[in-house]
Amino acid sequence: MLIGIALAAVPIIGINVLLGANLITGTQREVDYVAGEVLSLSEARLDDAATALIGVGLKNVAGCAPSVTDVLQKAEQRASFIAEIALLDKSGAAVCAADGRPRVVRRTSPEHDTLNPNVTLATVSIGETGASQLIRLTWESEGQTSVRVLIPGERLFPHFLKSRLTAAFIAQLATVDGTPVARRSLVEDVADEGPSRLPSLISTAASQRYPFKVDIEVPGSALLRANAGLFFYANIGGGVFAIVVAFGVYLFRRRMGGPVREIADGIRDGEFVPYYQPVIDITTGKLAGCEVLVRWRRRNGTIVPPGRFIALAEASGEIFPMTLALMEAARDELADAYARLPQLKVGFNLFAGHFDDSDIVDDVRRIFEGSPVRMNQLMFEVTERQPLNDIPRARLVIAKLQALGVRVALDDVGTGHGGLSYLLKLGVDVMKMDKMFVDAVGTDRYSIAIVDSMVKLANDMSLELIAEGVESFEQLEYLRAKGVRMAQGYVFAPPLPGAMFLQLVAAMNPEAMKTPARTPGSFGVGPLRMMNAR
């Protein structure tokens, strides 16, 4: 009898161990992913605050006149999570705030440098108790106005945080020296439950642009509590337990890995297709080429926009095969038209991981060498959704790409992780003006000054400038008057599926598309017909 009970306990113990291991592995991936998400959102909010801060600093305002208060209020409205934006005197004391009298704060951490040489970050508190922790960003420039913004640490936490993790957790933001900025805990009475059979799971994500980090912890007892039902079934009998737990593990893994597996399956089945955003030479009205954007065309015909899958594809590594599949599809789709019209260019987006090694150079050579789409028709855009891990290595990869004859562009200049420092360090050929600056044309005279500065910067650095997100004729005329040659946006056409883009190419180049492909440099293009379809 005892032997039978012991033998029955063997599979129960084994399956308990297996279930615990799967829970730990799957939840650790979940915690790592959430830590990255929290870090990304926190950095984005600090970017917005820094943009507002620098925007005020560059205006070199002084005093507390109504016009100055108006400037501060407008800057604060553009980043609604800011608690205060204020001017500082030479001693560093706040003298004027957007909402009236500045808050009196006490610094609780050392000043830390950021990637912007004029901006520092520190934590401060309000009141003697120091219960309310805020992040202070300060703009200091010799001979110019000093400005600070205060951001409550709690506002850096995303609202979605609670829904992203299955088990209760503790989340903390802290500076690199360990000073806490904000803390959120959904763990209740776990300390009183005694030792847990499962270890605590911890993930840390450190910012490359700001001196702070995100720590997410799921205590083992909280993980056990969240999955108590699974362990209960593990003890009702060897045979029944095996079936129930196997099914539970299957569902658990499916929940954890389902979206990534769907993306991988979609890549294999050719569901990720190129859409083409036309790029127009606005000085001549001719088609200059296109930027390739990805869409997910599901088997049922529905189109999934990139915002629904790009971040997950990058985090999971599926962005690498997706990018290769996109290049191969665009090469085959554009082959005939681009052989006939060698002046047309085609741009592809790369993300930070592509610049960790030279594999992308070999892939480009393999895909395009000897194809109808020539190397000098290619442009690769460095996107800034994630910071580059190693700037010197990225510069080497870019140089190898350029050695193939392709051009490299820096996308979203002024809004991403690297900003102007990337322009100086990466040696790119093209800079792309982000839509947020184009939107300011005709609405915000201060932002127009930034547009003018970017045009001058491109000219001084001998870089081609492409304006993105042009949506009105007023913007188009302004950019053309400032000397911008290339633009893309809905004022011309939305991103088009392959067949529609090729129809546009044929309509704008009817003679070239009727004759056999010629040698480079012998083609003319027709006038532009504006396409206002959205």
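Helix axes here are lines fitted to C-alpha atoms over the stretch in contact, and angles run from 0 to 180 degrees between N-to-C directions. Helices (H or I, at least four residues) and strands (E, at least two) are DSSP runs, numbered from the N terminus.

This is a predicted model, in which local features need pLDDT of at least 70, side-chain atom pairs count only at pLDDT 80 or more, and totals for chains, interfaces and linings use all residues. Residues are numbered from 1 along each chain as its sequence is written, and side-chain values use heavy atoms, with hydrogens and water left out.

I start with α8 and α9. Helix α8, residues 319-340, packs against helix α9, residues 359-368, at an angle of about 25°, with the axes 10 Å apart. The two helices are therefore roughly parallel; angles under 35 degrees count as that. The crossing of α8 and α9 is right-handed, the term used if the near helix is turned clockwise from the far one by less than a right angle. Contact means heavy atoms within 4.5 Å. On the α8 side it involves L324, M327, E328 and R331, and on the α9 side I360, D363, V364, R366, I367 and F368. Six of these contact residues are nonpolar, none polar and four charged. Nonpolar covers Ala, Val, Leu, Ile, Met, Phe, Trp, Tyr, Cys and Pro; charged covers Asp, Glu, Lys and Arg; the others, Gly among them, are polar.

Next, α9 with α10. The axes of α9 and helix α10, residues 391-403, come within 9 Å and cross at roughly 15°, so α9 and α10 are roughly parallel. This crossing is right-handed. I360, V361 and V364 of α9 meet V397, K400 and L401 of α10. That contact has five nonpolar residues, no polar and one charged.

Back to α8, now with α15. Helix α15 spans residues 498-508, and its axis comes within 10 Å of that of α8, crossing at roughly 5°. That makes α8 roughly parallel to α15. E333, L334, A337 and Y338 of α8 touch G498, A499, F501, L502 and V505 of α15. Here the division is seven nonpolar, one polar and one charged.

Last, the second largest pocket. It holds about 340 Å³ of space. Its lining has 22 residues, with L287, A288, Q343, K345 and M486 nearest the centre. Strands β12 (272-281), β13 (286-297), β15 (345-350), β16 (378-382) and β19 (464-467) each supply at least two lining residues. β13 gives the largest share, six residues. The lining divides into 10 nonpolar, four polar and eight charged residues.

Note on methods:
1 Å grid on protein atoms, 1.4 Å probe; cavity = no way out; pocket = protein on both sides within 12 Å on 5 of 7 lines; lining within 4 Å. Points joined across faces, edges and corners; volume = space filled by probe spheres on them. Parallel < 35°, antiparallel > 145°, perpendicular 65-115°, else oblique.
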